[in-house]
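Student: Could we go through the side-chain contacts in this model together? I would like to begin with the aromatic rings and then turn to the charged groups.

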Amino acid sequence: MGQLSNRTIAVLSENGFEETELTSPVQRLKEEGATVHIISAKPGKIQAMKGDHEWTIYVEVDKTLSEANPDEYNGLLIPGGVLNPDSLRKNEKAIEFVKAFFSAGKPVAAICHGPQVLITAEVVKGRKLTSTKTIKIDLVNAGADWYDEEVIVDEGLVTSRSPEDLPAFNDKIVEEFAEGVHEGQHS
């Protein structure tokens with residue numbers, strides 16, 4: 001039995017997610033025994049990208065945002081990619097879904113451009129985190145304390161910069177999702 005055998009994790013994504021930023025953490029979560037659901041606005045499949053313009057694999061959506069209840073999940077993962085966070089930020093249901101995890105003190109993980117969604121959800125003020133350098137100023141302007149490190153953990157909020165950081169990111173998301181609710185995570 002893995003560390004996460006009694007945990008169900010939501011992965012919130014749209015088309016244009018960075019392939020390895022979804023597939024690598026999902027694989028690790030499943031290896032640790034977690035049940036993982038891909039959540040998106042529409043049913044069917046979402047498509048990955050490598051870099052900024054090479055479309056790659058499709059991933060099956062398990063539940064739509066209309067079907068998914070944040071209360072049924074122990075943690076949330078938001079992969080990066082340039083297009084994915086931008087699409088999520090435009091979707092009020094996606095933002096409300098994210099806010100629910102913070103309100104409940106549940107662990108949340110975001111990598112690369114993923115923290116952009118957290119800006120729109122207004123949950124980064126006073127929080128320590130990292131991201132791709134291209135959104136550093138956006139996070140700082142939203143009140144976050146930004147650091148250039150491979151992984152930052154702040155009371156259940158796990159962030160990393162890029163696919164190169166996935167080994168450290170994956171280790172920390174397993175740890176934080178296993179720990180469960182963090183009192184300091186509340187927004």
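**Side-chain contacts**

Tutor: Ring pairs link Tyr73, Phe97 and Phe101 into a cluster. Please keep in mind that the model is predicted.

Student: How many aromatic pairs are found in the whole structure?

Tutor: The search of the whole structure gives 2 aromatic pairs. One of them joins Tyr73 and Phe97 edge-to-face, with 6.4 Å centre to centre and 65° between the planes. This pair connects distant parts of the chain, 24 residues apart: Tyr73 is in the loop between strand S6 (63–64) and strand S7 (75–78), and Phe97 is in helix H3 (residues 92–103).

Student: Are Tyr73 and Phe97 buried or exposed?

Tutor: Both Tyr73 and Phe97 are buried. Phe97 also pairs edge-to-face with Phe101, at 5.2 Å centre to centre and 65° between the planes.

Student: How far apart are Phe97 and Phe101 in helix H3?

Tutor: They are 4 residues apart, so about one helical turn separates them. Phe101 is buried, as is Phe97.

Student: Which residue lies over the face of Phe101?

Tutor: That is Lys106, at 5.6 Å from the ring centre.

Student: Let us move to the charges. How many salt bridges does the count come to?

Tutor: The count comes to 9 salt bridges. Among them is the one between Asp165 and Arg161, at 2.9 Å from N to O. Asp165 is buried, with a relative accessible area of 3%, whereas Arg161 is partly exposed at 23%.

Student: Which residues are linked with Asp165 and Arg161 in a network of salt bridges?

Tutor: Lys133 and Asp148 belong to that network together with Arg161 and Asp165. Asp148 and Lys133 form a salt bridge, their closest N and O atoms being 3.3 Å apart. Asp148 is in the loop between strand S10 (145–146) and strand S11 (151–154), and Lys133 is in the loop between strand S9 (128–129) and helix H5 (136–141), so the pair ties together parts 15 residues apart in sequence.

Student: And what is the relative accessibility of Asp148?

Tutor: Asp148 is partly exposed at 38%, while Lys133 is exposed with a relative accessible area of 57%.

Student: Which residue forms a salt bridge with Lys63?

Tutor: Lys63 pairs with Glu72, the closest N and O atoms being 3.3 Å apart. Lys63 is partly exposed at 21% relative accessible area, and Glu72 is partly exposed at 45%.

Student: One last topic: which residues form a nonpolar patch on the surface?

Tutor: Trp55, Val82 and Leu83 form it, with about 260 Å² of accessible area together. Leu83 is in helix H2 (residues 83–89) and is partly exposed, with a relative accessible area of 38%.

Conventions. Residues numbered from 1 in each chain as written. Predicted model: local features only at pLDDT ≥ 70, side-chain atom pairs only at ≥ 80, totals over all residues. Heavy atoms only, no water. Salt bridge = Lys/Arg side-chain N within 4 Å of Asp/Glu carboxyl O. Buried < 20%, exposed > 50% of the residue type's maximum accessible area, 1.4 Å probe, protein only. Helix = DSSP H or I, 4+ residues; strand = E, 2+ residues; numbered from the N terminus. Patch = residues over 30% accessible without salt bridge, like charges linked within 9 Å, V, L, I, M, F, W, Y side chains within 5 Å. Areas by Shrake-Rupley, 256 points an atom, 1.4 Å probe, with all protein chains shown as cover. Phe/Tyr/Trp six-rings, centres within 6.5 Å; stacked < 30°, edge-to-face > 60°. Lys NZ or Arg CZ within 6 Å of the ring centre and 35° of its normal.
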